Amino acid sequence: MADVFSFYMLNTPPIDSEACACKPHGLDVGMNRRGEILGKPTFLRSILVAAFLSVVSHALAQEIEDARKLFLTGKYEGCIRACEAVPARAYRQEDWPLLHASALLAVGRYPEAELVVSNALSNSSRSVRLRVLGYDTANANGDTDLAKTRIQEINALVAARNWA
């Protein structure tokens, strides 16, 4: 029996003095003494980040609704200013570039509208809505080859979606 005990003591790692832990019969029973919420310091950070993003996304949703109202009431310049004031990270969603390019088309700023659509397509390569608007911007700029390319891209994207 002494041989088993000495073997166990030699092959058992030392007990951490900061944690209230013991290893009876090979079981690792420990209590967290660091005062972390639910055992992970990242849990609280995750909750705070999620809450912050929720507030920010709600604010951006309100901003896009306000910009849409400007567009729908014919205040295109105000809509363009609102779209240009939005942080770049919001442009990862296709709603902002769609609205921005539509307002630019409405006031006759066709090259700028094409630039907005092209940049948005680099971020959102699977967007059919951006390509449809891109077809309009290409035609407005007189680039019929690009317009045909956009139609071909739309057909390819739709054909690749078996659920559509």
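This is a predicted model: local features need pLDDT of at least 70, side-chain atom pairs count only at pLDDT 80 or more; totals for chains, interfaces and linings use all residues.
1. Leaving aside residues up to four places away in sequence, Tyr110 touches Leu105, Ala140 and Asn141. Its C-alpha atom is separated by 9.3 Å from that of Asn139, a residue 29 positions apart from Tyr110 along the chain.

2. As to the overall fold, the protein has seven helices and zero strands. The order of elements from the N terminus on is therefore written α-α-α-α-α-α-α. Of the 164 residues in the protein, 24% are buried. Among contacts with a separation of 6 or more, 45% are between residues 24 or more positions apart.

3. Helix H4, made up of residues 95-106, is largely enclosed by the rest of the structure, because nine of its twelve residues are buried. The buried residues of H4 are Trp96, Pro97, Leu98, Leu99, His100, Ala101, Ala103, Leu104 and Leu105. The length of H4 also agrees with expectation: at 1.5 Å a residue its twelve residues should span 16 Å, and its end C-alpha atoms are 17 Å apart. Just after this helix, Gly108 adopts a positive phi of about 85 degrees.

4. The pairing of H4 with H6 deserves attention. Their axes come within 10 Å and cross at roughly 20 degrees. This angle is under 35 degrees, so the two helices count as roughly parallel. The crossing of H4 with H6 is left-handed. On the H4 side the contact involves Asp95, Pro97, Leu98, Ala101, Ser102 and Leu105, which meet Arg129, Leu130, Leu133, Asp136, Thr137 and Ala140 of H6. Sorted by class, this contact of H4 with H6 holds seven nonpolar, two polar and three charged residues.

5. A second pairing joins H6 (residues 128-140) to H7 (residues 144-160), whose axes come within 8 Å and cross at roughly 165 degrees. Because this angle is over 145 degrees, H6 and H7 are roughly antiparallel to each other. Their crossing is left-handed. From H6, the contact is made by Val128, Arg131, Val132, Gly134, Tyr135, Thr137, Ala138 and Asn139; from H7, by Thr144, Leu146, Ala147, Arg150, Ile151, Glu153, Ile154, Leu157 and Val158. By class, ten nonpolar, four polar and three charged residues make up the contact of H6 with H7.

6. Ser127 lies in the loop between H5 and H6. With a relative accessible area of 4%, Ser127 is buried, because that value is under 20%. Residues up to four places away in sequence not being counted, Ser127 touches Glu94, Leu121 and Leu157.

7. Cys83 is part of helix H3, residues 76-84. Its relative accessible area is 1%, so Cys83 is likewise buried by the 20% limit. The C-alpha atoms of Cys83 and Arg68 are separated by 9.8 Å, the two residues being 15 positions apart along the chain.

Definitions and conventions
Residues are numbered from 1 along each chain as its sequence is written. Side-chain values use heavy atoms; hydrogens and water are left out. Helices (H or I, at least four residues) and strands (E, at least two) are DSSP runs, numbered from the N terminus. The expected span of a helix is 1.5 Å times one less than its number of residues. Buried means under 20% relative accessible area, exposed over 50%, partly exposed in between (1.4 Å probe, protein chains only). Contact means heavy atoms within 4.5 Å. Axes are lines fitted to C-alpha atoms, for helices over the stretch in contact, and angles run from 0 to 180 degrees between N-to-C directions. Angles under 35 degrees count as roughly parallel, over 145 as roughly antiparallel, 65 to 115 as roughly perpendicular and the rest as oblique. A crossing is left-handed if the near helix is turned anticlockwise from the far one by less than a right angle, and right-handed if clockwise. Ala, Val, Leu, Ile, Met, Phe, Trp, Tyr, Cys and Pro count as nonpolar, Asp, Glu, Lys and Arg as charged, and the others, Gly among them, as polar.
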